[in-house]
Amino acid sequence: MTSTTDLGQSWDPNTLQSRYDEVRAYTETLAAPLSPEDQTVQSMPDVSPTKWHRAHVTWFFETFVLADNEPAFTPFQDKYWFLFNSYYEGIGPRYSRPDRGLISRPGAHDVGVYRSNVDDRMRDLLATLDEGTLSKLASTIELGFHHEQQHQELLLMDIKHVLSRNPLQPAYAGSPTETAQSDALGWVEVDGGLVEVGHEGDGFCFDNELPRHEQWLRPFRIADRLVTNGEWLEFMADGGYRRHEFWLSDGWARIQAEGWQAPFYWTETDGVWFEHTLHGTWPVNPGVPVSHVSFYEAEAYASWAGKRLPSEAEWEHAARVSTGSTTEKVSGNLANTTSWHPEPAIPATGGLRQMFGDCWEWTSSAYHPYPGFRPPAGAIGEYNGKFMSNQMVLRGGCALTPAGHARATYRNFFPHASRWALSGVRLADDGAAA
Ligand SMILES: [Fe+2]
């Protein structure tokens, strides 16, 4: 994994230690409302139990930092490398992903003991490493922070699905926003031309955001907010899920096979649509961005609306020119708001709203390597590069993304039919001069 961080200037042991403590503590904060029973359930193969997330991010530090650098390294538990390896072929065989919910031991408390043990060893290591070794290790440790933040988001997405399967309709935390109506959709005109996309500067990025490179864009328009539930209800009322003409062939086949009639967490009772959220199950709020729709549904909606999805280069360029976005300036309805759900857009400003937070936004771009991309050598090179097939790029972060983990160049990715992620829709259109 590549970081452009200037290690010598950005990371001294104390800064690294305090950042480590901060990231690790936030995972436990997010897990705190969940009982050991909550933390054990795996409700479908894409979902991992909460305690597995807590253990896996710990395994990451133990495997990629402690194993090669701790004097007289001994793993906390001999078989944890097998249980908590996610997908790293270079590390070795691992436990079957769809069966993670069958593991009752270690329990949630035992995972806490594992976390504390690794935390103590990481603190000892950071306190004793010489400057040269620390400089070499800092980028891997920093990757561990961002890896854990990714899993913090996944922990929330996954427990949302776990709780959705419970007829008691339990809540994770919080309460819904007041019922709202959206304002009229506005458009922001963006000049085309030769633009640069990809990460630049001293801050952290994942390897898939590099190399920064040039792309040619035709002039385009991009919607000033996300598509709302109210607008999605209009799509449904117009036969959106019944009219083949809006759908890609693969998407049409999927909705036939699986009987999709609405977004993933919507259910209809006596003619009223309800939505499962981390606050529990509530009537669909028309002013809130639609969420938990697949790429296929996003694309069909855009087709119905006579528009299209933005490419990832269009999205990134628009974010930069409209919001002046840098990692430091990114703000929005992210996890630090503790809304745990998309919220209505602020009143129109003439600029782009909801670019960061609320919902990950499907783009029309397949997840492919940027020109010149080379994954790092070794098992850590499996982090992103090997997933660059059969997935689409999403941008912007969501209401479950930790603050500091969203940026204009961040490339998230999911398969076309994924719906359990907190994904939504922003429209685009060709510009007047195109
Ligand atoms: Fe992971």
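I started at Pro-211, which sits in the loop between strand E2 (193-197) and strand E3 (213-217). This is a predicted model, so I kept that in mind throughout. The peptide bond joining Leu-210 and Pro-211 is cis, with omega about -5 degrees.

I then looked up another cis bond, the one between Arg-105 and Pro-106, where omega is about 5 degrees. I found Pro-106 in the loop between helix H4 (80-83) and helix H5 (108-128).

Next, positive phi values. Thr-338 is not a glycine, yet its phi is about 55 degrees. I placed Thr-338 in the loop between helix H10 (312-323) and strand E8 (360-366). Gln-354 lies in the loop between H10 and E8 too, and its phi is near 60 degrees, again positive in a non-glycine residue.

Are Thr-338 and Gln-354 buried or exposed? Thr-338 counts as exposed because it has 10 C-beta neighbours inside 10 Å. Gln-354 is buried, since 23 other C-beta atoms lie within 10 Å.

Last, the domains. The chain is divided into domain 1 (3-164) and domain 2 (187-429), and I noted 27 Å between their C-alpha centres. Domain 1 puts 23 residues into the contact and domain 2 puts in 20. On the domain 1 side, helix H6 (residues 131-164) gives the most, with 10 residues. I sorted that side of domain 1 by type and got 8 nonpolar, 9 polar and 6 charged residues.

Note on methods
Residues are numbered from 1 along each chain as its sequence is written. This is a predicted model: local features need pLDDT of at least 70, side-chain atom pairs count only at pLDDT 80 or more; totals for chains, interfaces and linings use all residues. Domain bounds come from an automatic or database domain assignment. Two residues are in contact if their C-beta atoms, placed from the backbone, lie within 7 Å. Helices (H or I, at least four residues) and strands (E, at least two) are DSSP runs, numbered from the N terminus. Ala, Val, Leu, Ile, Met, Phe, Trp, Tyr, Cys and Pro count as nonpolar, Asp, Glu, Lys and Arg as charged, and the others, Gly among them, as polar. A residue is buried if 20 or more other C-beta atoms lie within 10 Å of its own, exposed if 12 or fewer, and partly exposed in between; C-beta atoms are placed from the backbone.
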